[in-house]
Amino acid sequence: MMKKTLAALALTLAAPAVALASEGADRLTRMLEPLQTYEASFEQLILDGSGERLQQASGHMWLSRPGKFRWEVDAPYQQEVISDGSEVYLYDPDLEQVTVQALDQRVTHTPALLLSGSARELTESYEVSRQQQGGSESFRLVPKARDTLFEELQMTFNNERLAALQMIDSTGQETVIEFRDIRTNHTIDESRFAFQIPDGADVIRDTH
C-alpha cells in the first residue's frame with residue numbers, strides 16, 4: 001500500500017512538470033522561430049565546479065539561419081568559429097591551425113552553434129522548462145541524448161531578446177555568456193560566414 005501511495009504521489013507531482021515542460025518548449029519555440037539573424041558583443045566567463053574563475057574572454061558574434069554563424073574572440077586571445085552552413089571552421093591564429101568539421105547533428109549540439117538550427121529541432125532534442133520574473137524569462141534545457149558537450153543549458157531572454165547563455169558540463173564546469181549591443185533580424189553580409197583558410201595554416205579535418 002505504501003509503494004502504491006508513493007507511486008501515485010510521484011505521478012501526481014510529475015504531471016504538472018510535464019505540462020510545464022511542454023509549455024516551456026512551446027514558448028521557447030515561439031520566441032526563437034522569428035529570429036532569422038542575430039548580432040551581439042559578448043562577455044564569456046568560465047568557472048570550475050567550485051565557482052573559481054578559470055577564464056574570461058570577450059568578442060562578437062553573428063548568426064544567420066539556417067546554419068550560418070561567426071564567433072570571434074578578441075581578448076585575451078584571438079579565436080574564430082565560422083559556419084558557412086555546411087562546414088564549421090575553428091581557427092586559432094596563435095597556433096596557425098584550422099580545424100574543419102561537417103555541420104552535422106553532433107556539432108550543432110555545441111552551445112555556440114545550436115541557435116543557428118531550427119527552433120523546433122532544438123526543443124525536440126532537449127527537455128525544456130521555463131521560469132519568468134518581470135520582463136526576464138529563463139529556459140532550462142537538458143539534452144535528451146548523451147553525446148552532448150554539456151549537461152544543462154540555460155537561455156535568458158530580456159524583453160524577448162536573448163541576453164545570456166549558461167552551460168554546465170559533466171565536470172561541473174560552468175560557462176556564462178552575456179550579450180550586449182544586440183541587433184536582430186537585420187541584413188548581415190554573407191561574407192561574414194565565408195572562411196578562407198590562411199596560407200601556411202595547418203588544417204585538421206575532423207571526420208568523426
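The conversation below goes from the whole chain to single residues.

Mentor: Please note that this is a predicted model, in which local features need pLDDT of at least 70, side-chain atom pairs count only at pLDDT 80 or more, and totals for chains, interfaces and linings use all residues. Residues are numbered from 1 along each chain as its sequence is written, and side-chain values use heavy atoms, with hydrogens and water left out.

Trainee: What makes up the secondary structure of the protein?
Mentor: The protein has four helices and 12 strands. These elements are DSSP runs, numbered from the N terminus: helices are H or I with at least four residues, and strands are E with at least two.

Trainee: How do you know where confidence is lowest and where it is highest?
Mentor: One reads the pLDDT, the predictor's confidence in each residue, from 0 to 100. Its mean over the protein is 81, and 83% of the residues reach 70 or more. Helix α1 (residues 2–32) is lowest, at a mean of 50, while β11 is highest, at 93. Over residues 1–21 the pLDDT is below 50, and beyond near neighbours in sequence this stretch has two contacts in the model; a contact means heavy atoms within 4.5 Å. Where pLDDT is low, the predicted coordinates should not be read in detail.

Trainee: In what order do the strands of the open sheet lie?
Mentor: The 12 strands follow the order β7-β8-β9-β10-β11-β1-β2-β3-β4-β5-β6-β12, with mixed pairing. Two strands pair if DSSP finds at least two bridges between them.

Trainee: Why are β7 and β12 called edge strands?
Mentor: Each of them, β7 (126–133) and β12, pairs on one side only.

Trainee: How do you know that β1 and β11 pair?
Mentor: Nine bridges join β1 and β11 in the antiparallel sense, and the definition asks for at least two. The two strands therefore count as paired. Within this pairing, Y38 stands opposite T184 in β11.

Trainee: What links β3, β4 and β5?
Mentor: Strand β3 (residues 68–75) is joined to strand β4 (residues 79–84) by six bridges, and they run antiparallel. A hairpin of three residues connects β3 to β4, and V73 stands opposite Q79 in β4. From β4 to strand β5 (residues 87–92) there are four bridges, again antiparallel, with E80 opposite Y91 in β5. The hairpin of β4 and β5 has two residues between the strands, and G85 there takes a positive phi near 105°.

Trainee: Why is the pair of Y38 and F179 called edge-to-face?
Mentor: Rings of Phe, Tyr and Trp (its six-membered ring) pair if their centres lie within 6.5 Å; planes under 30 degrees apart count as stacked, over 60 as edge-to-face and the rest as tilted. The rings of Y38 and F179 are 5.7 Å apart centre to centre, with 80° between the planes, so they meet the rule for edge-to-face. Y38 lies in strand β1 (residues 37–47) and F179 in strand β11 (residues 174–184), so the pair ties together parts that are 141 residues apart in sequence.

Trainee: Why is the pair of F69 and W71 called stacked?
Mentor: The ring centres of F69 and W71 are 6.1 Å apart and the planes stand at 15°, so the pair is stacked. F42, F69 and W71 form one aromatic cluster. By the rule for rings, the count comes to six aromatic pairs.

Trainee: Why do Y38 and F179 count as buried?
Mentor: Buried means under 20% relative accessible area, exposed over 50%, and partly exposed in between (1.4 Å probe, protein chains only). Y38 has 1% relative accessibility and therefore counts as buried; F179, at 8%, counts as buried too. F69 and W71 are also buried. Of the 208 residues of the protein, 41% count as buried.

Trainee: What makes N185 partly exposed?
Mentor: N185 has 45% relative accessibility, so it counts as partly exposed. N185 is found in the loop between β11 and β12 (202–206), and its phi is near 50°, a positive value in a residue other than glycine.

Trainee: Which omega value goes with the cis peptide bond from R65 to P66?
Mentor: Its omega is near 0°, and P66 is placed in the loop between β2 (53–64) and β3. The bond from A75 to P76 is cis as well, with omega near 5°; P76 is in the loop between β3 and β4.
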